Amino acid sequence: MNLEKQIAFINDNPIFTSLLDSMGGLLAVLNEHRQVLAINQSLLKHLNIHNSEEFSGLRPGELLDCVYSALEEGGCGTSKYCSSCGAAIAIVSSLTEDKSKEKICALRREKDGQIEDRALLVRCTPFVLYGKRLLLLFLQDISEQEQRAALETIFFS
């Protein structure tokens with residue numbers, strides 16, 4: 001099934017779209033090739049996206065403006081930095097082991113010409129819908145908690 005059909009398959013399913021939009025937090029649905037098929041309203045707002053065509057088919061790093069996702073022609077997941085990316089590791093190991101995986105992703109992103117470092121807790125859960133293998137990608141920005149923990153380590157050690 002090609003990418004357009006996969007996107008329509010998810011977005012035309014009223015039960016699935018209702019579930020997506022009822023979930024709090026940042027959520028995306030990926031296919032086996034790590035391409036984004038759908039994202040929930042919370043993630044749309046977080047990324048300031050107004051049109052679903054802006055994200056369809058992107059990989060997570062491309063969606064989140066990771067600076068390393070554009071280094072290689074293959075995009076997100078193909079640069080030398082991607083081998084240590086928590087999101088990439090969670091996604092690939094979730095697909096490989098067919099179970100939920102959780103990792104911390106240190107994301108360096110460029111937004112509006114500014115470089116920004118963020119820490120994301122990434123949880124990836126595989127599932128099958130009508131015989132199609134898909135992934136739920138949950139994202140939680142934990143940058144403040146990580147910064148606080150680093151400061152506590154410095155001052156209380």
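Q: Is D98 buried or exposed?
A: D98 is exposed, with a relative accessible area of 52%; exposed means over 50%, buried under 20%, and partly exposed in between, computed with a 1.4 Å probe and protein chains only. The model is predicted, so local features need pLDDT of at least 70 and side-chain atom pairs pLDDT 80 or more, while totals for chains, interfaces and linings use all residues. Residues are numbered from 1 along each chain as its sequence is written, and side-chain values use heavy atoms, with hydrogens and water left out.

Q: Where does D98 lie?
A: D98 belongs to the loop between helix 5 and strand 3. Helices (H or I, at least four residues) and strands (E, at least two) are DSSP runs, numbered from the N terminus.

Q: What is phi for D98?
A: Phi of D98 is near 55°, a positive value in a residue other than glycine. Most residues other than glycine have a negative phi.

Q: And what about N48, which is not a glycine either: what is its phi?
A: N48 has a positive phi of about 55°. N48 sits in the loop between helix 3 (41-47) and helix 4, and N48 is exposed, at a relative accessible area of 54%.

Q: Changing topic: how many salt bridges does a search of the whole structure find?
A: The search finds 10 salt bridges, each being a side-chain nitrogen of Lys or Arg within 4 Å of a carboxyl oxygen of Asp or Glu.

Q: Which residues are linked in a network of salt bridges?
A: The network links D65, R109, K111 and E116. D65 pairs with R109, with the closest N and O atoms 3.9 Å apart. D65 lies in the loop between helix 4 and helix 5 and R109 in strand 3, so this pair ties together parts that are 44 residues apart in sequence. D65 also meets K111, at 3.2 Å from N to O. Because K111 lies in strand 3 and D65 in the loop between helix 4 and helix 5, that pair ties together parts that are 46 residues apart in sequence. E116 and R109 form a salt bridge too, at 3.4 Å from N to O.

Q: Is R109 buried or exposed?
A: R109 counts as buried, at 10% relative accessibility.

Q: What volume does the largest pocket have?
A: The largest pocket has a volume of about 300 Å³. A pocket is an open set of points on a 1 Å grid over the protein atoms alone where a 1.4 Å probe fits, with protein on both sides within 12 Å along at least five of seven lines; lining residues have an atom within 4 Å of a point. Grid points are joined across faces, edges and corners, and the volume is the space filled by probe spheres set on them.

Q: Which lining residues are closest to the centre of the largest pocket?
A: Of the 21 residues that line the largest pocket, C66, Y81, C82, C85 and C105 are the closest to its centre. Helix 4 (60-63), helix 5 (86-97) and strand 3 (101-111) are the elements that give two or more residues to this lining.
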